[in-house]
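Q: Could we go through this model together? I would like to begin with confidence and then turn to some local details.

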Amino acid sequence: MIAVIGLLAGIALGLLWHPVVPVWAEPYLPIAIVAAMDAVVGGIRALIERRFDERIFVISFLSNVLIAAFLVFLGDQLGVGAQISTGVVVVLAMRIFANAAAIRRLLFRA
Amino acid sequence: MPDEDTPSGGGAPPADTAAPADVRDVWHRLAFQPSRPHLVIGLLFAVLGLLATVAIVRPGTDDRWRTARTEDLVQILDDLTSRQQRLDAEAARLTGLQRDLEAGSTVEAAAEARRRLAALQVLTGTTPVSGPGLSIVISDPTRQVDASVVLDAVQELRDAGAEAIQVGPARVVVDSWFGDSADGVVVDGQPVGTPLRIQAIGDPSTLATAMGIPGGVADSVRTRGAVFAASTDPSMTISVTVPESSE
């Protein structure tokens with residue numbers, strides 16, 4: 001419940017505040033969001049499988065975001081920023097889909 | 001992190017059963033009680049919501065480029081590049097022209113202008129001309145040679161490359177005219193006199209050939225009962241000039 005509250009609070013804050021993203025951070029924003037979504041979906045799956053652990057969730061959330069951002073940064077430095085961004089997004093999306101499929105199976109037996 | 005002390009508390013019991021959860025159980029789990037790790041999770045979700053909102057609702061900066069497809073952007077870039085190249089080439093050309101005009105070519109420009117002036121003076125008859133040419137004498141005691149024959153002769157000489165022509169007492173220039181009068185042919189209002197003398201500066205053999213072609217001026221004069229005589233001259237001078245216009 002507090003997660004939903006936090007999410008709504010963040011959305012409200014973003015809508016009301018209109019923060020300006022620094023230009024250097026723009027490539028990392030979508031990657032960070034997808035990485036965080038991966039952590040969230042993984043956490044939901046763990047929750048349903050009754051092995052959810054806050055500590056693991058928090059660490060995986062932060063490390064996902066940081067590693068994804070670092071990969072994009074590294075790719076930018078190597079001159080393959082666009083490709084590595086695509087790769088990261090593809091891998092994370094695959095994980096999201098896999099976790100979502102597991103959730104679906106667990107919840108609906110389908 | 002103080003959440004170390006709640007490994008099994010905090011609404012997340014260890015996986016005691018591997019049995020699949022049912023839906024009610026999941027909803028129950030989602031409704032945890034607030035505790036410190038939950039606050040951290042809530043904070044993370046707040047950050048996620050903030051980031052997502054910021055990423056989706058960008059304060060509109062130039063949607064035109066943001067939403068354009070890559071191919072379109074490449075096309076636009078190509079257009080701009082080629083346009084820049086064209087303008088660069090134009091600028092380089094004009095810069096070179098400016099440099100040429102500024103640097104030293106006044107001498108060349110003046111020399112070119114003088115050459116053109118000399119040529120135009122010859123053509124307009126404002127300067128005496130000397131050089132090789134053809135001298136024609138037409139003896140016409142019966143006055144059968146009229147202005148049209150003289151005009152034909154002048155046209156033929158011009159076609160043959162005559163630089164300057166004198167008919168009788170008059171220099172023939174662009175606005176010369178020929179007419180018939182009681183005293184015979186007149187050129188620019190002056191009688192040509194008898195015998196009629198025509199002098200032309202130019203390549204003598206070319207001029208002579210032009211006069212002698214079958215059915216040409218010489219034949220035409222002779223069929224009218226006049227005597228046509230032409231002689232080339234390696235050096236002759238036409239000293240009659242037309243007064244320069246004061247315009």
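Q: What are the ipTM and pTM of the model?
A: This is a predicted model, and its scores are ipTM 0.75 and pTM 0.41.

Q: And what is the average pLDDT of chain B?
A: The average for chain B is 77, and 78% of its residues score at least 70.

Q: Which elements of chain B have the lowest and the highest mean pLDDT?
A: Helix α1 of chain B, residues 23-30, has the lowest mean, at 62. The highest, 89, belongs to strand β7 of chain B, which spans residues 196-201.

Q: How much of chain A is buried?
A: Of the 110 residues in chain A, 33% are buried. As for contacts in chain A between residues at least 6 apart in sequence, 69% join residues at least 24 apart.

Q: Back to chain B. At what angle do the axes of α6(B) and α7(B) cross?
A: The axes of helix α6 of chain B (residues 147-159) and helix α7 of chain B (residues 204-212) cross at roughly 140° and come within 9 Å. The pair is therefore oblique, and the crossing is right-handed.

Q: Which residues make that contact?
A: E156(B), L157(B) and D159(B) contribute from α6(B), while L207(B), A210(B) and M211(B) contribute from α7(B). By class, the residues of this contact are 4 nonpolar, no polar and 2 charged.

Q: Why does I238(B) count as buried?
A: I238(B) counts as buried because it has 22 C-beta neighbours inside 10 Å, and the cut-off is 20 or more.

Q: What does I238(B) touch, not counting residues up to four places away in sequence?
A: Its contacts are P128(B), V129(B), A164(B), Q166(B), R171(B), Q199(B) and I201(B). The C-alpha atoms of I238(B) and Q166(B) are separated by 6.9 Å, although these residues are 72 apart along the chain.

Note on methods
Residues are numbered from 1 along each chain as its sequence is written. Chains are lettered from A and ligands numbered from 1 in the order in which they are written. This is a predicted model: local features need pLDDT of at least 70, side-chain atom pairs count only at pLDDT 80 or more; totals for chains, interfaces and linings use all residues. Axes are lines fitted to C-alpha atoms, for helices over the stretch in contact, and angles run from 0 to 180 degrees between N-to-C directions. Helices (H or I, at least four residues) and strands (E, at least two) are DSSP runs, numbered from the N terminus. Angles under 35 degrees count as roughly parallel, over 145 as roughly antiparallel, 65 to 115 as roughly perpendicular and the rest as oblique. A crossing is left-handed if the near helix is turned anticlockwise from the far one by less than a right angle, and right-handed if clockwise. Two residues are in contact if their C-beta atoms, placed from the backbone, lie within 7 Å. Ala, Val, Leu, Ile, Met, Phe, Trp, Tyr, Cys and Pro count as nonpolar, Asp, Glu, Lys and Arg as charged, and the others, Gly among them, as polar. pLDDT is the predictor's confidence in each residue, from 0 to 100. A residue is buried if 20 or more other C-beta atoms lie within 10 Å of its own, exposed if 12 or fewer, and partly exposed in between; C-beta atoms are placed from the backbone.
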